[in-house]
Amino acid sequence: MAPHEIAQNAEKALLYEVVTNPKPGLVDPVDNGPHPDMNVYLFINSSLSLDDYFEEAAKIGYNFDNNDLRQMFILLRQAGIKAEKSMFKATQNINTHKGAIFSLGLFVCASSYCQKHSDIDEFTVIQAMTRGLVKHDLGQKNETAGERQFLKYGKGGVRAEAEAGYPLVKEIALPFLAQTTGDLNTRLLDTLMKIVSQIEDSNLIKRAGGIEVIQWAHKQAEKYLTLGGYQTENGKEFLLNLNQIFKKRNYSLGGSADLLIITIFMALQKDII
């Protein structure tokens with residue numbers, strides 16, 4: 001697969017995620033959820049602004065020939081800084097895809113690297129790229145939500161996920177998506193809620209003001225899946241109601257959305273969807 005094809009799958013992943021609906025705590029074409037400053041058009045503009053970044057991320061991975069993959073990550077991070085500026089310009093300084101720039105960028109780069117190194121998979125490449133990241137990035141300052149959560153709860157958030165090689169995607173979300181049935185919207189909604197049933201979403205913790213919300217979110221997602229997901233009337237009704245609860249409480253699932261995006265990307269790479 002050529003770098004430009006990998007970059008194209010990244011763009012698709014962003015667009016597939018935003019049009020999937022109804023997503024509790026997230027923007028979709030029907031509802032902005034708890035994000036009054038956002039809408040689906042803003043996310044489309046943001047997605048298109050990252051086109052050059054994904055091309056560059058794919059080229060970095062394809063052309064890298066050093067044994068220390070942390071050096072590849074440094075190159076990717078430099079490209080990511082430019083990508084954030086492009087995103088903020090396209091969205092009038094609204095943070096739509098900062099998490100995806102990090103996570104999806106990693107997967108694009110790693111997937112492109114794997115085109116020339118078939119003895120290793122994307123998840124292992126990402127582990128090697130991000131070795132020591134939590135220690136390097138967190139625990140020193142108290143400025144960002146991620147830094148504060150690490151200091152308060154010892155949770156490394158997306159950086160810890162990356163260092164571990166995204167086990168939630170590899171072991172849970174991607175295999176789950178592969179065995180789902182129904183139309184694509186249904187399959188992606190059910191996969192999102194499977195992710196919500198497992199993740200400690202840092203975005204949700206931030207919005208709720210405490211880590212206690214995670215147990216509640218896990219129970220809601222598990223109940224939805226037990227009801228049979230979006231293919232059943234009970235599952236559909238439960239999700240629509242949950243959507244309103246998230247909106248009323250101002251809860252967001254930004255971390256879960258980012259994991260859905262990379263799950264979609266890997267599913268496209270592997271012809272699962």
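Biologist: Which residues line the second largest pocket?

Modeller: In this predicted model, the lining of the second largest pocket consists of Arg70, Gln71, Phe73, Ile74, Arg77, Met129, Thr130, Arg131, Gly132, Leu133 and His136. Two elements, α4 (69-90) and α7 (133-137), each give two or more residues to that lining.

Biologist: Which element gives the most to the lining?

Modeller: α4 does, with 5 residues.

Biologist: How much space lies in the second largest pocket?

Modeller: About 160 Å³.

Biologist: How do the lining residues divide into nonpolar, polar and charged?

Modeller: The lining of the second largest pocket has 4 nonpolar, 4 polar and 3 charged residues. Gly counts as polar here.

Biologist: Turn to His97. Where is its place?

Modeller: His97 sits in the loop between α4 and α5 (98-114).

Biologist: Why does His97 count as buried?

Modeller: Buried means under 20% relative accessible area. His97 has 1% relative accessibility, so His97 counts as buried.

Biologist: What is His97 in contact with, leaving aside its neighbours within four places in sequence?

Modeller: Leu14, Phe43, Ser46, Ser47, Leu50 and Met87. Contact requires heavy atoms within 4.5 Å.

Biologist: What pLDDT does the chain average?

Modeller: The average is 93, on a scale from 0 to 100. Of the residues, 93% score at least 70.

Biologist: Where does pLDDT stay under 50?

Modeller: Over residues 149-154. For residues 149-154 the model has 17 contacts beyond four places in sequence.

Notes:
Residues numbered from 1 in each chain as written. Predicted model: local features only at pLDDT ≥ 70, side-chain atom pairs only at ≥ 80, totals over all residues. Heavy atoms only, no water. 1 Å grid on protein atoms, 1.4 Å probe; cavity = no way out; pocket = protein on both sides within 12 Å on 5 of 7 lines; lining within 4 Å. Points joined across faces, edges and corners; volume = space filled by probe spheres on them. Helix = DSSP H or I, 4+ residues; strand = E, 2+ residues; numbered from the N terminus. Buried < 20%, exposed > 50% of the residue type's maximum accessible area, 1.4 Å probe, protein only. pLDDT = per-residue confidence, 0-100.
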